[in-house]
Each structure stands twice: as C-alpha cells, then as structure tokens.
Amino acid sequence: MAEPAREADSRLSTAIAIARLIGIMGIVYVHAWTGRTAEELAAAAFSWQAVLRTVLGEVFGRSAVPLLGMISGWLVVSTATRQGYGPFLLGKARTILLPMLLWNAIAIVLVGAAATFGDLKAPTPTSIGWTLNELVPLVHANDVNVQMPFLRDLFVCMMLAPVLVRASAAWLALVASIVIVWSVSGVHVPLLLRPQILLFFTAGIAARRFGVAERVAGWPVALCALPFVALIAPRLWTALLGNAFFDAHPHVMAAFDIVFRVASAVLFWRLAWGLAGSNLADRLRGIERYGFLAFCDHLVLLWLFGPVIGLATGALGAGLYPAYLLVQPLLVLGVTVVLGQVLMALSPSVARGLSGGRLGRSASVTA
C-alpha cells in the first residue's frame, strides 16, 4: 500500500509542475510580440493572423491565472499549517515579493533605456509615482511587466492563507462568494488588483481539503474538455470584437470570464495529469524548475528581443510572422534556461533571488 501511495503522490507533484509550466507558457502567447500598436491590432482583429494570435492566447493563456492560483492555494495548505505566521510570511516574501521587485527594477532599467536611447516603442519613466508603481504595483497594473500584479496579489493571498487554511468550508464559500461579486461588479479596491486571484487561491485550498484534484484527474479527458469546447467559441468571438464589446457588457463578460477560466483550468489540469504519466514527465519536470524565472523574465525578453527577431520575420501580417508567433514560448523558455544556467554558474545567490529560490536547489514543487 505504501508504494502505490508514493507513486500517486509523485505523479500528483509532477502534474502540478507540468500544469504550472503549461500555464506560464500560455501567458507568453497572451503577451506575444506583434510589432503592432493597439490601434493597428484592433483594425486587423479579423485578419487570419490576428485570429490565430487570439486563438492561441485564449486557448492556452486563459487557464494560467486559475491554474497558478489554485496550485498556490493547494500547496500553501502544508506550509501555512506547520509554520508560524512570521516565518511563513518571510518565506513568501523571499519567493514572491523579492523576485517581483528585482524583475520590475530590471524591466524599468533595461526596457526604459532601450526606449529612451534606442528605437524601442515602450513605456518610459514619466514621474516618480509612475516609477514607484512600476516597481511595486500598488494602485494599478504595470505598464512594462504587465504580469507582475499576479505576484503582488498572490502575496496578499499568502498574507491571508494562515486564516483561510484553517477556515471552515462555509467560510471559504463565503469568501469565494464575496470575491465573485467583487470581480463581477468591477469595483476597484487596490487591496487586490485582480480579485479573481483570491477566488482561485481559495478554490485551491478547498480542492486540497476535498480531494478535487485527484477526482478530476480520474475523469475522462473528453468530459473535462466538454465545458471548454462549449465556451471557447463565444469567448473567441467576444475577444475578437475587442474592448468595445467588453466595455458595453462589463458585468456579463466578467462573470463569463470566471466560468471560462475555470473550464480552461479543469481541462489543462487533466492534460497535465496525463502528461505526468507519460514518457515526457521527467523531462517536463526538469524544465519546470525554470518556469518561474520564465514567468518573471518573459516580458523583458519580448520587449528587448521581439523587435530584433521581428526584423527578420516581420510584424503581424507578414508572411513569416505566424511561424514566429507559434515558437515564441519555446524561444522564451530556451533563453530562460540558458539564463538560469549562466546565473547559477556566475552567482547562485543571484540566481536564487531572481528565481524566488527555485534555482540552486533540488527540483521540488512549492507554493
């Protein structure tokens, strides 16, 4: 009995690692370099290349926030119940806040310099307030590292974690209900820039408590795919219509977005579980240790090197652009692996800081 239990735990841990890697690579599609302004993208929204970009972002990117949020909630149960509040929060500051601050600073310096002294069309520091919010997104999302509010909000969730993991199911349901109403209402309260993250974080805690991850892993793939397939067509259509449609129906779209993200997360968790039992499992598990670094560095890489590669492929609309679009997550991951290895060779302490402690130690799954 002990051996099958260890094998199940090992597969679950591997599935979690693979799910995180899938989510992070999907985020790259959402932020993919296009070489076009927002106005140009809106004008070309129904061109086949723009549709391809939208499909990739919606299919692979929308599962990222719920997957990563739920996984963090699932994993935090262990540490939040066995550590005191001070050591627990200090540990999360090292693994979440420190890399956020470091990579935001790197983005401000490198991307700002390339925009100021080169031809890069990117946001540059305009005031002390802008720079401070770019470093620590307090009142609105970053303009350069647009993914970093996830880490900011995740740390807020971690501050609440010791209470949430000890709360009854009724209290967890109440918290989730409040966050759903908050998300759908569109009310901006800077406590959380994206309230959905707390919803998925709480759902992860509940999933750990009631064994939901293991139950979903036992479902047929077709069953897990059914809600996603039913929702993907309207999701793609509304995404192609652009901000005007979202602005005209904000509450409906916010509610639909939550449902679609959950459906995406269920499907990709089931796929991750399948991959965890395949011959690719060990290879993917080894690559995943660079995943968090890729989450942090991918927009800096896309800002700086996207236009350089684009000189050869052209921007969205050019003949070679679709091939470039398809491989952008792989390019980011490849550069990140090399970067991580170089950092480890030159300064393991810097590598640990920039990776939130995920490099420079044995590969393991942490919140």
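Tyr29, Phe60, Phe228, Phe256, Phe260 and Phe268 together make up one aromatic cluster. The model is predicted, with local features needing pLDDT of at least 70 and side-chain atom pairs counting only at pLDDT 80 or more, while totals for chains, interfaces and linings use all residues. Residues are numbered from 1 along each chain as its sequence is written, and side-chain values use heavy atoms, with hydrogens and water left out.

Rings of Phe, Tyr and Trp (its six-membered ring) are taken as a pair if their centres lie within 6.5 Å, and planes under 30 degrees apart count as stacked, over 60 as edge-to-face and the rest as tilted.

| Pair | Centre to centre | Angle between planes | Type |
|---|---|---|---|
| Tryptophan 33 and tyrosine 324 | 5.9 Å | 45° | tilted |
| Phenylalanine 150 and phenylalanine 295 | 5.9 Å | 65° | edge-to-face |

Tryptophan 33, in the loop between α1 (2-30) and α2 (38-43), is linked by its pair to tyrosine 324 in helix α16 (residues 321-346), 291 residues apart; helices here are DSSP runs (H or I, at least four residues), numbered from the N terminus. Both tryptophan 33 and tyrosine 324 are buried, that is, under 20% relative accessible area (1.4 Å probe, protein chains only).

Phenylalanine 150 belongs to helix α7 (residues 149-164) and phenylalanine 295 to helix α15 (residues 291-313), so their pair ties together parts that are 145 residues apart in sequence. Phenylalanine 150 and phenylalanine 295 are likewise buried.

A charge sits over a ring if NZ of Lys or CZ of Arg is within 6 Å of the ring centre and within 35 degrees of the ring normal. The charged end of arginine 289 is placed in this way over the ring of tyrosine 290, 5.6 Å from its centre, and arginine 358 lies over the face of phenylalanine 292, at 3.8 Å from the ring centre.

How values were computed
Helix = DSSP H or I, 4+ residues; strand = E, 2+ residues; numbered from the N terminus. Buried < 20%, exposed > 50% of the residue type's maximum accessible area, 1.4 Å probe, protein only.
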